[in-house]
Amino acid sequence: MVKKKKQGSIRGKVLLSIVPVVVVLVLVLVAISTIISRRRLGDMAKDQLNSSITNQTDNIEAWMDENLTFFSTAKSTIEQLKPDAAGLQVLLDTYYDSNTAAPEGLYVATSTGGFYTATGSTHTESNPTDTQWYKQGLTRVNMDYGTAYQDADGRYVISASGILNDASGEIKVISADVSLDQISIIVNSGVKMDEASSFLVDTADNTILAHRDASKVGTDLSADSSAFMAGVAQKVAERDYNQTTIAENLVSFSEISGTEWLLISYVPTAVVYKSVTQLTTILVVAGLAAILLLVIIIMVMTNRLFKPLTAITQNITDMSAGDFTIDITADSNDEIGLMGSKVREFVESMRGMLASINSESEKLMEQSENSDEVSKTMFDASSSQAQAMEGLNNTVNQLSVAVTEIAENATTLAMVVSDTRDNSDKASESMRETVEISKKGREDMEQLGIAMEGIQNANQILAESIDKVGAASEEITSIVGMISEISSQTNLLSLNASIEAARAGEAGRGFAVVASEIGNLANNSSQSAQDIANLIQQIRNLIEDVVQQANASAKSIEENSDLIHQAIATFDQIYQNIELSNERLAAVVDNISTVSDVATSVAAISEEQAASADEILETSRNMVEHANNITQSSQDVADNSHELADTSQTLADHVSQFKI
Amino acid sequence: MKLDRLFKCRVLACMMICIMAIGLMSGCGKSSGGNGASGNGKILFVITDVDDSFRSSLAEAIKTSAQEQGLEIDYQESGDSVDVQKEIIEQAAQNGYSGCICRLADASTALQMEVAAGDMPIVFVNNDPTSELLKDSKYVYIGSPEQDAGKYEAEYVWNKLGNPTSINLVIMKGEKGHSATEGRSKAAIKYFRDNGVDVNLVFSDYANWTDENAYKYMGILSSVGGKYDAVICNNDTMALGVVKYMQDNGISTKDIPVCGVDATADGCASVAAGGMQFTVLQSAEGQGAKAVEAIAAMVKGNSISDIAGATEDGKYIWVDFEKVDASNVANYQ
């Protein structure tokens with residue numbers, strides 16, 4: 001859920017942002033002005049009060065000095081003239097009325113109770129030496145003011161008195177009274193500041209000497225319990241005469257020189273800061289007016305400035321709703337005008353862009369459909385390829401099994417040939433023994449020949465027997481021919497065997513038969529040799545007959561000796577023939593050996609073939625796997641092209657939302 | 001977001017304006033302050049005369065201190081003429097002196113001298129102008145608080161007499177209207193009042209600093225039959241007059257203490273001889289040293305507030321009086 005934002009106007013925001021700042025600024029300025037003017041006015045007021053009190057002090061001092069000078073002059077004159085009682089009276093009368101401050105004029109008292117006063121004066125003293133002025137006058141030669149007191153008429157006065165040193169030997173005190181009313185007039189009228197007041201206090205006894213309120217004159221300072229007067233009394237008691245503020249009054253103190261009097265001047269702080277309050281009020285009003293004016297100006301200005309913005313805002317709102325059919329007018333030459341024209345440019349370019357996106361998305365959709373079909377075709381093709389590969393795989397598998405079988409067969413053949421060769425070797429051995437025996441027979445024959453030579457001369461009758469021997473020899477010859485034939489047959493068999501081996505197939509088994517035939521032939525050869533031995537036995541029997549006949553006809557044997565020699569030669573011939581047979585048999589064995597080698601090679605080749613067939617099988621398995629992968633991939637491609645088709649559809653849908 | 005930033009910018013701008021406005025205002029409020037180090041470093045020391053023993057000692061003390069602190073001092077005497085004094089100071093200001101130590105010919109002409117001095121700071125000595133004419137670390141007065149002198153006299157008397165509750169007192173005052181006269185006299189009376197002593201002023205008059213007047217007044221006092229317990233004088237000279245009268249008339253100066261101020265040579269001799277009992281000394285050395293210390297600080301544009309004895313308002317440096325009686329008078333002779 002999107003939180004609906006509160007819609008505000010720029011004008012409101014501008015007002016919201018500027019007005020508080022301006023208000024703060026105005027407040028700050030008002031505060032600063034107030035503080036500064038308050039301080040300045042405060043300082044000014046302090047200065048003014050100081051100046052006022054100084055002025056008053058000067059006035060009071062001047063007034064008092066003036067009178068004191070007058071009295072002192074009169075006193076000096078009297079002292080110089082040294083008058084008698086009558087003369088003194090004249091002098092007092094002379095000075096009477098010449099000083100308005102002392103309307104009663106000067107008067108003199110003596111220690112003996114004498115009292116002289118001007119004739120016109122109403123001043124009387126019943127007991128002058130008991131008076132305050134007399135006692136105080138006795139403490140100084142130069143006339144000076146004493147403390148305030150009430151005279152006989154009840155007026156507050158102060159007397160200026162001193163010892164009249166007229167060298168008469170009599171102690172005299174001269175004095176003159178000044179009314180506190182007069183000092184009060186100076187105090188009250190001498191204030192040089194609006195609404196400020198002053199009063200005079202004698203710090204010797206805390207008596208108020210002058211005050212705007214006449215009833216307070218002559219009273220004790222501490223008698224007034226108001227916060228202000230109490231505060232003043234405290235300051236006086238502390239002798240802290242620095243300017244201060246007491247009970248919302250700015251107060252200044254000033255000591256009157258030559259006396260113990262203290263002039264106190266004060267002004268209410270409200271008066272001091274009245275103008276500050278006025279100024280603050282004016283500033284606040286002016287500030288408020290300025291703020292109001294500013295608000296109005298801002299409202300008017302923002303109205304004027306942001307009017308074109310309203311139209312543009314409407315246009316942008318339409319745009320955000322997807323409507324680009326809007327028309328934007330931008331006729332002002334400021335930033336907002338520029339904004340309008342830029343928005344117009346934007347709308348135009350958006351329109352163009354949306355149109356091209358639309359067409360592009362359609363194209364894309366077509367292309368994605370095409371791509372989908374292509375991928376389907378590809379999927380089918382790859383599926384069939386995978387199947388084909390599977391078949392190929394099976395075939396190769398079978399091939400592999402067959403080759404393995406061939407290899408096994410070839411191995412068996414090699415073993416058989418090996419056995420055959422062993423048998424041939426044995427035959428060859430037998431043949432050699434035969435040769436050995438025939439060699440021995442020839443030697444025997446040679447010994448017979450020697451014997452025959454002894455009897456050849458006398459053995460004529462043996463001629464017949466010798467003929468018979470000749471017949472037996474012929475038979476041996478035929479046996480030998482037979483042996484020769486056997487060997488030729490063996491030769492033939494071995495030929496057959498080699499042919500079979502060359503064929504190397506199932507004929508391998510037939511070769512076993514050939515081998516057994518060869519065994520039989522060997523047996524036959526052995527049999528023939530036996531026959532030969534038998535024949536030779538018969539020959540020996542015949543020879544025994546010949547010997548018997550030789551015994552009878554020793555002389556005739558000698559005659560047969562040549563024949564015996566011939567027999568020996570024949571034996572040699574036989575021997576040579578057997579030797580030849582032996583050699584041929586060896587050749588047969590050699591040939592068999594060759595067959596064995598060939599069979600072994602065949603077996604090795606067959607094994608290699610089997611290994612190759614395995615490799616082919618592995619390769620075809622991989623190919624099957626690849627084919628399967630291709631199938632999967634083409635499936636993915638098909639999926640993707642589906643997705644692409646969907647996306648382009650979505651795009652087309654989105655774009656169709658814009659109105660252009 | 002953008003509006004937010006804009007708002008922040010505006011607030012910042014407004015704050016800057018405020019600060020500038022405040023700066024302007026406070027800038028306007030400030031005068032061309034700061035009397036920084038200027039001039040050629042020379043100090044003018046102008047004094048009326050050195051006829052008085054105190055002024056003589058003071059002048060010597062200032063010269064010695066300046067030498068010790070490596071300050072170049074130009075010493076001039078103006079006599080009692082305000083015109084001559086003003087001219088000397090004006091000349092010094094034109095010649096680029098850095099500061100001035102001045103014993104005013106007339107205390108009321110301080111403002112005239114300040115105008116003449118231009119930018120130079122001034123240390124006033126021996127003659128006290130009113131507080132209004134002084135300015136923090138610019139125009140300052142170095143002296144001893146007059147009221148202390150009166151207070152010390154009253155204190156001595158009261159203690160000497162065994163702290164009585166009432167006292168018959170004679171006060172011999174100096175010139176009427178003189179700051180020392182007022183300050184010393186009032187302070188003495190105040191001391192007694194503050195201690196609850198009932199003061200009976202048997203005699204109190206202006207003897208104008210002279211022994212003759214004091215002697216004469218003592219005669220008059222005697223003629224009117226005044227009985228007194230102690231005599232407090234605003235200076236030693238008057239005290240010596242009082243002592244002379246008492247001795248001439250066979251009055252014991254042992255039982256009735258006579259006190260003076262200044263510890264002059266004659267005063268000290270009298271104290272030693274058992275005439276006067278007490279006097280106070282304005283330390284010429286102390287004041288001279290402080291005067292040099294203050295002017296050295298001020299020509300550098302520094303405040304005098306760090307100097308011992310300076311008042312909070314920076315207008316005064318007070319050098320305490322020293323009490324002199326029979327016990328320590330030998331140190332001052």
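**Notebook: a helix, a sheet and a look at chain B**

I started with helix H2 of chain A (residues 85-95), and its buried residues are Leu88(A), Leu92(A) and Tyr95(A). They span an arc of only 65° around the axis, so they sit on the same side of H2(A). That arc is taken from the directions running from the helix axis to the C-beta atoms. My reminder from class: an α-helix has 3.6 residues a turn, so residues three or four places apart point the same way.

Before going on, I noted that this is a predicted model, where local features need pLDDT of at least 70 and side-chain atom pairs count only at pLDDT 80 or more, while totals for chains, interfaces and linings use all residues. Residues are numbered from 1 along each chain as its sequence is written, and chains are lettered from A and ligands numbered from 1 in the order in which they are written.

I also wrote down my cut-offs. A residue is buried if 20 or more other C-beta atoms lie within 10 Å of its own, exposed if 12 or fewer, and partly exposed in between, with C-beta atoms placed from the backbone. Helices (H or I, at least four residues) and strands (E, at least two) are DSSP runs, numbered from the N terminus.

**More on H2(A)**

What does the face turned away from the buried side of H2(A) carry? I found the exposed residues Ala86(A) and Gly87(A) there. The buried residues of H2(A) pack against helix H1 (10-81), strand S1 (106-110) and strand S2 (115-117) of chain A. For contact I used C-beta atoms, placed from the backbone, within 7 Å. Just after H2(A), I spotted Asp97(A) with a positive phi of about 70°.

**The sheet in chain A**

Next I traced an open sheet of five strands in chain A, in the order S7-S6-S10-S9-S8, with antiparallel pairing. Strands S7 (207-210) and S8 (244-246) of chain A are the edges, as each pairs on one side only. The twist averages 35° from one strand to the next. I counted two strands as paired if DSSP finds at least two bridges between them.

Then I looked at S10(A) (residues 261-268): seven of its eight residues are buried, so the strand is largely enclosed by the rest of the structure. S10(A) pairs antiparallel with S6(A) (residues 197-202) over six bridges, and Ser198(A) has Ser265(A) as its bridge partner. S9(A) and S10(A) make a hairpin with five residues between them, and Gly258(A) in the turn has a positive phi of about 80°.

I followed S9(A) to S8(A) too, where three bridges join the antiparallel pair. One partner pair is Ile246(A) and Asn249(A). H1(A) packs on this sheet, touching S6, S9 and S10 of chain A, and its direction makes about 145° with that of S10(A). For such angles, axes are lines fitted to C-alpha atoms (for helices, over the stretch in contact), and values run from 0 to 180 degrees between N-to-C directions.

**A quick look at chain B**

I picked Ala230(B), which lies in strand S8 (residues 230-233) of chain B. Is Ala230(B) buried or exposed? It counts as buried because it has 26 C-beta neighbours inside 10 Å. Ala230(B) touches several residues, including Val157(B), Ile167(B) and Pro257(B). Ala230(B) and Ile167(B) are 63 residues apart in sequence, yet 8.0 Å apart in space, C-alpha to C-alpha.

Key
Contact = placed C-beta atoms within 7 Å.
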